Amino acid sequence: MAASRTAFLMYHELELPGRKLVQSEPGYVRYILPLEKFHSQMKRLKTSGFRGWSVSEALRYPPEQGVCITFDDGCETDLIAAAPVLRAMGLQATFFLTSGFLGTPGYLNADQVRELDSLGFEIGCHSRTHPYLSDLADAELIREVVDAKLEIEQILGHDIKHFSCPGGRYDGRTLEMARRAGFRTVTNSQFHANSATTSEYELGRVAMLRDMSMQEFDATCQGRGLWKKRLQDRARHSVRKALGNRAYDRLRGSLLGDDRA
Ligand SMILES: [Zn+2]
């Protein structure tokens, strides 16, 4: 792979033996990796000589081979399952938190957020209540982008720089709001690797799915084969656009379960 192109990986909650997930719908579970699988992937990165970067580190587009590792939603498994594996392998990551979920069952509480931060991991924001931002009126958008940022900063005692869009949905207003709130980047869930020429407000990420093979993982980290995922996503996006987000979710829900990011 050209060292200047970096894949940003998007993880969610991890599955631990005997532990209930925060949601059980197939559309959610599709994005949940068992801890053992996540561990194998991180080990693979390590043995292949790949670095694991936070968003801030990845944005410098270092010459070494590496990937940006991100987690959405702020589940408790960020700290109790992902962090120990990342630390053991010497990999960095950014954890995007949904501020309104913090302290509720299955999600990080304020002390755990501070612990994750003090371990040296990067904390970002994933909205306040996880709505599709492109559906919101301006006042709601302020709550989801600006208030969420302030809530997380109040817990941490320092500012945060990065935002990830719930469900990957965004529009021009969302990006403008994020910029005005002081976020330096916005990541979405579009299947492309990023480079120094990618807009920092439209950074793509690759969803890490439960059924992903190691072969597919290798290709993803090298930025190969993403065009296939892009085509599939484009087909889904055009249906979503024609129907609107809510009708799309109902349709998808009846076929597969709710889509998610
Ligand atoms: Zn999410």
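**Close-up views of a helix pair and several salt bridges**

**View 1. Helix H2 packs against helix H4.** In this predicted model, H2 (residues 35–47) and H4 (residues 77–89) pack at an angle of about 20°, and their axes lie 10 Å apart. That angle makes H2 roughly parallel to H4, and the two meet in a right-handed crossing. From H2, look for Leu-35, Phe-38, His-39, Met-42, Lys-43 and Lys-46; from H4, Ala-81, Ala-82, Val-85, Leu-86 and Met-89 complete the contact. By type, these residues comprise 8 nonpolar, 1 polar and 2 charged.

**View 2. Glu-76 meets Arg-19 in a salt bridge.** The structure holds 11 salt bridges, and here the N to O distance is 3.0 Å. Glu-76 sits in the loop between strand E5 (66–71) and H4, while Arg-19 sits in the loop between strand E2 (14–15) and helix H1 (26–29), 57 residues apart. Arg-19 is partly exposed, at 27% relative accessible area.

**View 3. Asp-72 pairs with Arg-205.** This salt bridge spans 2.9 Å, N to O. Its partners are 133 residues apart: Asp-72 is in the loop between E5 and H4, and Arg-205 is in the loop between strand E9 (185–187) and strand E10 (206–207). Asp-72 is buried, with a relative accessible area of 0%, and Arg-205 is also buried at 0%.

**View 4. Glu-151 forms a salt bridge with Arg-128.** The closest N and O atoms are 2.7 Å apart. Glu-151 belongs to helix H6 (residues 138–156) and Arg-128 to the loop between strand E7 (122–125) and H6, so the pair ties together parts 23 residues apart in sequence. Glu-151 is partly exposed at 26%, as is Arg-128 at 28%.

Note on methods
Residues numbered from 1 in each chain as written. Predicted model: local features only at pLDDT ≥ 70, side-chain atom pairs only at ≥ 80, totals over all residues. Heavy atoms only, no water. Axes fitted to C-alpha atoms, helices over the stretch in contact; angles between N-to-C directions. Helix = DSSP H or I, 4+ residues; strand = E, 2+ residues; numbered from the N terminus. Parallel < 35°, antiparallel > 145°, perpendicular 65-115°, else oblique. Left-handed = near helix turned anticlockwise from the far one by under 90°. Contact = heavy atoms within 4.5 Å. Nonpolar A, V, L, I, M, F, W, Y, C, P; charged D, E, K, R; others polar. Salt bridge = Lys/Arg side-chain N within 4 Å of Asp/Glu carboxyl O. Buried < 20%, exposed > 50% of the residue type's maximum accessible area, 1.4 Å probe, protein only.
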